[in-house]
Amino acid sequence: QVQLVESGGGLVQAGGSLRLSCAASERSFSMYHLAWFRQAPGKEREFLSALRRVDSSTYYADSVKGRFTISGDNAKNIVYLQMHSLQPEDTAIYYCAASSTLSIVVANYYRKAFYDHWGQGTQVTVSS
């Protein structure tokens, strides 16, 4: 059973930083692609960042490029999302996702349907 567990969310002031972690079971880390999404109240779940594990390539949504950084620690089976310059509009539930399908089509990485395993989410709240 693949399991992904997010942590590190919380309340932060505008301009602050947080680092989210996604701890994966050993089988989870046979996944080829890892990603972070978020969902704000009343909005669709949106792509933030992806990590292609075969070559450690990273991909970002325009809304977070330059502020967020995805990274992975294979030894600890953890994927991180470092977030800087947080704003109230970043308030959402943040989800870790993993895909067991190896793909070189970058457009796939931005699609929710590409990921077949999801964590339960961690709340991030940014106060103004």
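Biologist: Where does S56 lie?
Modeller: S56 is in the loop between β5 (46-52) and β6 (57-60). Strands here are DSSP runs of E with at least two residues, helices are runs of H or I with at least four, and both are numbered from the N terminus.

Biologist: What should I know about the model and the numbering?
Modeller: This is a predicted model, in which local features need pLDDT of at least 70 and side-chain atom pairs count only at pLDDT 80 or more, while totals for chains, interfaces and linings use all residues. Residues are numbered from 1 along each chain as its sequence is written, and side-chain values use heavy atoms, with hydrogens and water left out.

Biologist: Back to S56, then: what is its phi?
Modeller: Phi of S56 is near 60°, a positive value in a residue other than glycine. Most residues other than glycine have a negative phi.

Biologist: Is S56 buried or exposed?
Modeller: S56 counts as exposed because its relative accessible area is 52%. The classes are buried for under 20% relative accessible area, exposed for over 50%, and partly exposed in between, using a 1.4 Å probe and protein chains only.

Biologist: And S85, what is its phi?
Modeller: S85 is not a glycine either, and its phi is positive, at about 50°. This serine belongs to the loop between β8 (78-83) and β9 (92-99). With a relative accessible area of 38%, S85 is partly exposed.

Biologist: Changing topic, what is the strand order in the open sheet of four strands?
Modeller: The order is β1-β3-β8-β7, with antiparallel pairing. Two strands are said to pair if DSSP finds at least two bridges between them.

Biologist: Which are the edge strands?
Modeller: They are β1 (4-7) and β7 (68-73), each of which pairs on one side only. The twist from one strand to the next averages 15°; the strand axes are lines fitted to C-alpha atoms (for helices, over the stretch in contact), and angles run from 0 to 180 degrees between N-to-C directions.

Biologist: How many bridges do β7 and β8 have?
Modeller: β7 and β8 pair over six bridges in the antiparallel sense. F68 stands opposite M83 in β8.

Biologist: What about S21, buried or exposed?
Modeller: S21 sits in strand β3 (residues 18-24). It is buried because its relative accessible area is 15%.

Biologist: Which residues does S21 touch?
Modeller: Not counting residues up to four places away in sequence, S21 touches V5, E6, S7, W36, I78, V79 and Y80. Contact here means heavy atoms within 4.5 Å.

Biologist: Now the charges. How many salt bridges are there?
Modeller: The count comes to five salt bridges, each being a side-chain nitrogen of Lys or Arg within 4 Å of a carboxyl oxygen of Asp or Glu.

Biologist: Which partner does E46 have?
Modeller: E46 forms a salt bridge with R38, and the closest N and O atoms are 2.6 Å apart. E46 is partly exposed at 31% relative accessibility, whereas R38 is buried at 7%.

Biologist: And D55? Which residue does it bridge to?
Modeller: D55 forms a salt bridge with R52, with 2.8 Å between the closest N and O atoms. D55 is partly exposed at 40%, and R52 is buried at 13%.

Biologist: Where are R67 and D90, the pair that links distant parts of the chain?
Modeller: Their salt bridge has its closest N and O atoms 2.8 Å apart. R67 is in the loop between β6 and β7 and D90 in the loop between β8 and β9, 23 residues apart. R67 is buried, at 19% relative accessible area, and D90 is buried at 1%.

Biologist: Which residues form one network through shared partners?
Modeller: Salt bridges that share partners join R38, E46, R67 and D90 into one network.

Biologist: What else is D90 in contact with?
Modeller: Leaving aside neighbours within four places in sequence, D90 is in contact with R38, R67, F68, S85, V124 and V126. Its side chain makes a polar contact of 2.8 Å with the side chain of R38, and one of 2.8 Å with that of R67. A polar contact is a pair of N or O atoms within 3.5 Å; within protein, one must be able to donate a hydrogen and the other to accept it, and residues adjacent in sequence count only if both atoms are side-chain atoms.
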